[in-house]
Amino acid sequence: MELKRSVAFHTLGCKLNYSETSTLSRLLENEGFEKKEFDAQADVYVINTCSVTDNADKECRQLVRRIQRRSPESLVVITGCYAQLKPKEISEIPGVNLVLGAAEKFNLPQHLRELVKGDSAKICSCDIEEVNGFHSSYSINDRTRTFLKVQDGCDYNCSFCTIPLARGRSRSDSIENVVENVKMLAKNEVKEIVLTGVNLGDFGKGANGHKKHAASFFELIQALDQVEGIKRYRISSIEPNLLTNNIIDFVANSGKFMPHFHIPLQSGSNKILSLMQRRYKRELYAERVGLIKKLMPHCAIGVDVIVGFPGETDEEFNETFTFLHSLDISYLHVFTYSERANTRALAIQPVVPLNVRHERNKKLRNLSYMKMSYFTQQHEGQTRKILFEGHVKNGLMEGYTDNYIKVTTSYRADWVNEVVDWKL
């Protein structure tokens, strides 16, 4: 069969998925494919899925239906976490031609050579225990900020999470490879790199996950700080038990690592943290936030939190609310707990009713709005450095300060991808 020549991508989920989609796109462009917008007519559509929320299957089905209506002759490929976890279910969605699990994702060009429309959906998945090797990925030309994947998989077994089942054991790139990728991105005039991974602070276990910390995340950021040409780095998310004092101290004294941490908490109740099988208590979390704010009073701190976890009473939710209220943090990412197949949380009772989960979500989102407003007000009148992005919307452009305050202003072409001094 003659190779199809145009491809369109759609990404669901996290920054890691965006970096991987970008890499898949480059692989196919190197094979002669023309990249198209997802809403345009294309010969092949690739959907990179997520499994973190219960909308994954619904969104996936809706996207496939849209493609079927627009372009019934096109080939449809589903990959990503949802594809690894439920390949058979996805293969039965009308219109899906190929399902690629974690180990096969980056063999996409080869699979497309062999794929014929009209064949029954082909599943190329495998036992997650067999997933090995590390595929470095980065997004480029998609946005000013580049997401660079340096770690994948997770050895933690939080009771609510399917990511270890979807992505396999913790494994990572070498410092040398990451530095080479960063030098190449610097040549492409990238100004800001966001380091991403599933469990970023666990960096250093080698490509197959067997090495017991041949390197550490601290050593990685020290090496990256020396690379010329990159103005700014951000750490996408790091577990509180892996966010060491020396990492915090290093960021406080670095001119390139931005004063911005995103630290998952999930619950402010030690009882719920224990049921979640998290590896810290709230006291450690408060200690980390306290040290960051002592060394960098201007630092932005984002927090992941889950509401409505099984067994979470009103009292434990209020404990979480009060704890978050007391912390000097900047914003929250609030997730409503959703049941995931093959997780230990399914056995925990009592189940929190859905309406209560949504009510708790609303309360924490309101708290997040108040926290961000207060954080922004604290910096009014200050001059901070902003990196402006290239998107134009209604004649406006936007960018973020070093400490992650969003600024919108009239579009100026000479400011795109430039770091500008800005009075807040």
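I began with phenylalanine 217 in this predicted model, and, leaving aside its neighbours within four places in sequence, I found it in contact (heavy atoms within 4.5 Å) with Leu195, Leu200, Gly201, Phe203, Ile235, Ile238 and Ile247. Before going on I noted that residues are numbered from 1 along each chain as its sequence is written. I also noted that local features need pLDDT of at least 70 and side-chain atom pairs count only at pLDDT 80 or more, while totals for chains, interfaces and linings use all residues, and that side-chain values use heavy atoms, with hydrogens and water left out.

In soluble globular proteins, nonpolar side chains tend to be buried together.

**Aromatic pairs**

I recorded 12 aromatic pairs in the structure, where rings of Phe, Tyr and Trp (its six-membered ring) pair if their centres lie within 6.5 Å, and planes under 30 degrees apart count as stacked, over 60 as edge-to-face and the rest as tilted. Phenylalanine 38 and tyrosine 45 make an edge-to-face pair, with 5.5 Å centre to centre and 85° between the planes. Phenylalanine 38 is buried at 7% relative accessibility, and tyrosine 45 is buried with a relative accessible area of 0%. The rings of tyrosine 233 and phenylalanine 257 are stacked, because their centres are 4.7 Å apart and their planes stand at 20°. This pair links distant parts of the chain, 24 residues apart, with tyrosine 233 in strand E12 (residues 232-235) and phenylalanine 257 in the loop between helix H9 (245-253) and E13. Both tyrosine 233 and phenylalanine 257 are buried, and together with Phe218 and Phe250 they form one aromatic cluster.

**A sheet and its helix**

I followed an open sheet of 4 strands in the order E7-E8-E11-E12, with mixed pairing; two strands pair if DSSP finds at least two bridges between them. Which strands are at the edges? They are strand E7 (137-138) and E12, each of which pairs on one side only. Strand E8 (residues 145-149) and strand E11 (residues 192-196) pair in the parallel sense over 5 bridges, and phenylalanine 147 stands opposite valine 194 in E11. H7 packs on the sheet, where it touches E7, E8, E11 and E12, and its direction makes about 160° with that of E8; axes are lines fitted to C-alpha atoms, for helices over the stretch in contact, and angles run from 0 to 180 degrees between N-to-C directions.

**Glutamine 266**

I checked glutamine 266, which lies in strand E13 (residues 260-266). Is this residue buried or exposed? Glutamine 266 is buried, with a relative accessible area of 9%.

**The whole chain**

Finally, I noted 13 helices and 19 strands in the chain, and that 54% of its 424 residues count as buried.

Terms used
Helix = DSSP H or I, 4+ residues; strand = E, 2+ residues; numbered from the N terminus. Buried < 20%, exposed > 50% of the residue type's maximum accessible area, 1.4 Å probe, protein only.
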